[in-house]
Amino acid sequence: KMRPIVEEYYAQLSGGREKIGILYRSELENTPLSELLLGARQKDIVNEFTTVGIHRDDIAFSIGEYPLRKYGSQGQQKSFLVALKLAEYTLLAEHNNEKPILLLDDLFDKLDMGRVAQLLRLVGSEMFGQIFITDCNKHRLQRTLSEAGAEYKLFTIAEGKHHE
């Protein structure tokens, strides 16, 4: 369910310049669990924990045909993470029939301004509800939100206290 949503959000964030992939990998695709457990039994006894099973499954993220972690820039990795978060938001909103709160922490870190602007256009749509964005540069945040035409209320926290 999540893959096409992530791909669509990433395409929007990147301007369609990059193709991403998500692949779920499990040992259980090729071997029954009972066989895996029997094969790992001695090792599991020595280790005192189970070394096979779904808790060892993994999700492989790629950009182009290459692993994202190894070949993706920091901006591409952050864009992928944001696309995952937006896809998760979309599925939660559909499942619960209400808009969750979206938290975007340190939004400008590792994202170029084009991707930030596109993200703000995305989350400014009717699909999204209340959004909290954190940034340590008040003026950059205000300028970017104003340029995006976003309605917002700014809270400044200093030394653990709210300041107007």
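Where is E48 found? I looked there to begin with, and E48 sits in the loop between α2 (33-47) and β2. This is a predicted model, so I read everything below as a prediction.

**Entry: positive phi values**

I checked the backbone at E48 and got a phi near 65°, which is positive in a residue other than glycine. I took note because most residues other than glycine have a negative phi. E48 is exposed, as its relative accessible area is 73% and the cut-off for exposed is over 50%.

E159 turned up next, with a positive phi near 55°, and this residue is not a glycine either. I found E159 in the loop between β6 and β7 (161-163). Its relative accessibility is 83%, so E159 counts as exposed.

N97 also has a positive phi, near 55°, and this residue follows α4.

**Entry: helix α4**

I then tested the length of α4 itself. How far apart are the end C-alpha atoms of α4? They are 33 Å apart, and 23 residues at 1.5 Å a residue should span 33 Å, so the two values agree.

**Entry: aromatic pairs**

I searched the whole structure for aromatic pairs and got four. I followed up Y10 with F80: the ring centres are 6.0 Å apart and the planes meet at 50°, so I logged the pair as tilted. Y10 belongs to helix α1 (residues 2-14) and F80 to helix α4, so the pair ties together parts that are 70 residues apart in sequence.

Are Y10 and F80 buried or exposed? Both are buried.

**Entry: second largest pocket**

I had F61 and F80 in my notes already, and both come back in the lining of the second largest pocket. The volume of this pocket is about 260 Å³. The lining also includes R25, D58, P67, R69 and Q77. Elements giving two or more residues to this lining are β2 (58-63), α3 (68-71) and α4 (74-96). Sorted by class, I have eight nonpolar residues, one polar and three charged.

**Entry: largest pocket**

How much space lies in the largest pocket? I have it at about 820 Å³. Its lining has 29 residues, and I131, F132, I133, Y152 and K153 lie nearest the centre. I listed the elements that give two or more residues to the lining: α5 (113-123), β5 (131-133), α6 (138-147) and β6 (156-158). By class, the lining divides into 15 nonpolar, seven polar and seven charged residues.

**Entry: salt bridges**

How many salt bridges does the structure hold? I have four, and I went through several of them.

R115 pairs with E18, and the closest N and O atoms are 3.0 Å apart. This pair links distant parts of the chain, with R115 in helix α5 and E18 in the loop between α1 and β1 (20-25), 97 residues apart. Both R115 and E18 are buried. I also found D112 linked with E18 and R115 in a network of salt bridges.

K110 and D109 meet through their side chains in another salt bridge, at 2.9 Å from N to O. K110 has a relative accessible area of 39%, so I have K110 as partly exposed. D109 comes in at 30% relative accessibility and counts as partly exposed as well.

R140 and D135 form a salt bridge too, at 2.7 Å from N to O. R140 is at 24% relative accessibility, so R140 is partly exposed.

**Entry: E151**

The relative accessible area of E151 is 82%, so I put E151 down as exposed. How many residues apart in sequence are E151 and G124? They are 27 residues apart in sequence, while their C-alpha atoms are 8.7 Å apart in space.

Note on methods
Residues are numbered from 1 along each chain as its sequence is written. This is a predicted model: local features need pLDDT of at least 70, side-chain atom pairs count only at pLDDT 80 or more; totals for chains, interfaces and linings use all residues. Side-chain values use heavy atoms; hydrogens and water are left out. On a 1 Å grid over the protein atoms alone, a cavity is a set of points where a 1.4 Å probe fits but cannot get out, and a pocket is an open set with protein on both sides within 12 Å along at least five of seven lines; lining residues have an atom within 4 Å of a point. Grid points are joined across faces, edges and corners, and a volume is the space filled by probe spheres set on the points. Helices (H or I, at least four residues) and strands (E, at least two) are DSSP runs, numbered from the N terminus. Ala, Val, Leu, Ile, Met, Phe, Trp, Tyr, Cys and Pro count as nonpolar, Asp, Glu, Lys and Arg as charged, and the others, Gly among them, as polar. Rings of Phe, Tyr and Trp (its six-membered ring) pair if their centres lie within 6.5 Å; planes under 30 degrees apart count as stacked, over 60 as edge-to-face and the rest as tilted. Buried means under 20% relative accessible area, exposed over 50%, partly exposed in between (1.4 Å probe, protein chains only). The expected span of a helix is 1.5 Å times one less than its number of residues.
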